[in-house]
Amino acid sequence: MEIVLNSASRKWLLIGAAAVLCLIYVFLVGRLFVASILGAIPMGEVPIAEAPKLSSLQGAARIDPWNADYRYNLGRYYALVVMDPSAAIEPYRAAVRLNPHSADYWFHLASAYQVLAETSNQTWALEHAIEADPTTPGVAWEAANNFHVRGDNEQDSGSKLSYHEKALREYRVVLENDPSLAGLAIQHCWRISQDVDMLLRDVVPATAPANIAFLKLLTTPKKVDLSTITAPSHARGNHWVYTLKDPDAGAESNGWVDASVALSGYTDGAKGNNVRAMIVASTSTTIEIANPTGTVANTSADSDSPVLTISGTKQEMAATAKVWEKLIATRPSQTFELRYVYEYLHYLLDHKNVDQARLVWQQAATPFGLSSYLPTRNNLIVNGGFSLEILNGGFDWQYQKQQPVTLTLDPTEHHGGGNRSLLITFDGSGVIDAGIYQFIAVQPGTNYDFSAYYRNGDFEGAGGPHISIQDVVTQAVLYESDELKEAGESWKPVTGEFTTPDDCRLLVLRVRRLPEGSPIRGKLWVGDFRLVAKRQ
């Protein structure tokens, strides 16, 4: 459209209108500029002493009432500087009305309601924070903790979900998105519910960090307080009965039988400290422990704070197996370190759960490239010729540094078809064994043939090294070789046979020094270890 300016009055009218519009624009822009200066410094990003004055923030909110950030910052000033959460409520509510899509706004509004103990409004604000940002772990973490505190399966009037169920829902968001919080999140979930099947199905995602955290929780020994007013009673032999400070449903119906325990917490010098034993009976209020080497107990509970550290209960064992299945199923799409397999195997072997340990080792073999470290029918000893690298874990050789002993893989000396052997150098006193050993899973009541080869240099000292095979549980020696001290250039065989007891399922093979502790010097090469079940 063309406007014809055919008179001076029309020209001046147009110029005036344009000037008015420009003035209005400048005024509006100026107001926004002033508001931005007054409210430019958000709370929390500067020290409180340097925070903008209350009048500045109020001015910014008044000049630009449609800017949610100014209302939000004003609310934060009231909450953090003035320390008046009730005054922060209205600015926060104004901020969420202007921008309901900011999880931070809703979350800080919920925090203000929490301080004021307005739990219903706090829950309402947290629900909106979750709706605004359902996947951010920080928001989910705070919401989950709040719901957890308000738990006890109380039903929210506006929802079919209990507070505990809401907490578990948000902990799952945390577990899915923030591995650094996995350990804490799993602990909170376990406090809410110890239903492993439900947690694995509904809460713990199919991620390695989440399931590793769960496995660590289950394999960590738990501490149980004992009664300080009921002294332990001597049941029979080396058996003692203790009363729990608080009832524990997990101990009902002998639920803790066969779990290992450590007793501590008695007054310094009192009997009963640092006792290691096994639970032989349990109820929800009492446990009975037994120690094959002789249990001592304090006969008085007065002024003591006894604590029982329990590990390997039936409930824990069954739960770890389920978590392990979910963890190993994350491979190969997700990776996790082999050390977690070793840690779980150590836990299983420490608690004599041999069948599960063998299964775990078999399941880990393929994804971790350990198929060569599996025992076979032709040889139950893994890496018997030392041709593979020593893993120092699982069912391979493991070693612990002994000060007077040096262990070396020697490629210049080997027997038969091998390509190296283990060189053990003894040089000093205090030697109990060579520091290298291997766990071997076996069948009870079975005959076995053992063989190995050795050669050595000259030895000095009384006695000498022996190859020993023991029952892990009873420590009974099932096989002991003669002294491996016969000098010579050729390799010499060591052979023998033995029968495992009816309750034996796990052996340990080691090179022992007898008599223990006396000085010894010399070199011993060993290799070509073999153990096979004899045909019945």
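Let me begin with what it takes for two strands to count as paired: DSSP has to find at least two bridges between them. Please keep in mind, as we go on, that what you see above is a predicted model.

With that in hand, look at strand β9 and strand β10, the latter covering residues 421–428, which run antiparallel and are joined by six bridges.

Five strands make up an open sheet, and if you follow them across, the order is β9-β10-β17-β12-β15, with antiparallel pairing. Which strands lie at the edges of this sheet? They are β9, residues 405–410, and β15, residues 492–499, each of which pairs on one side only. As you step from one strand to the next, the twist averages 25 degrees.

I would like to turn next to two helices. Helix α13, residues 339–350, packs with helix α14, residues 354–365, at an angle of about 165 degrees, and their axes are 9 Å apart. An angle over 145 degrees counts as roughly antiparallel, and α13 and α14 are therefore roughly antiparallel to each other. Their crossing is left-handed.

Which residues bring these helices into contact? From α13 we have Val341, Tyr342, Tyr344, Leu345, Leu348 and Leu349, and they meet Gln356, Ala357, Val360, Trp361 and Ala364 in α14. Sorted by class, this contact of α13 with α14 holds ten nonpolar residues and one polar residue, with no charged residues.

Key: Residues are numbered from 1 along each chain as its sequence is written. This is a predicted model: local features need pLDDT of at least 70, side-chain atom pairs count only at pLDDT 80 or more; totals for chains, interfaces and linings use all residues. Side-chain values use heavy atoms; hydrogens and water are left out. Axes are lines fitted to C-alpha atoms, for helices over the stretch in contact, and angles run from 0 to 180 degrees between N-to-C directions. Helices (H or I, at least four residues) and strands (E, at least two) are DSSP runs, numbered from the N terminus. Angles under 35 degrees count as roughly parallel, over 145 as roughly antiparallel, 65 to 115 as roughly perpendicular and the rest as oblique. A crossing is left-handed if the near helix is turned anticlockwise from the far one by less than a right angle, and right-handed if clockwise. Contact means heavy atoms within 4.5 Å. Ala, Val, Leu, Ile, Met, Phe, Trp, Tyr, Cys and Pro count as nonpolar, Asp, Glu, Lys and Arg as charged, and the others, Gly among them, as polar.
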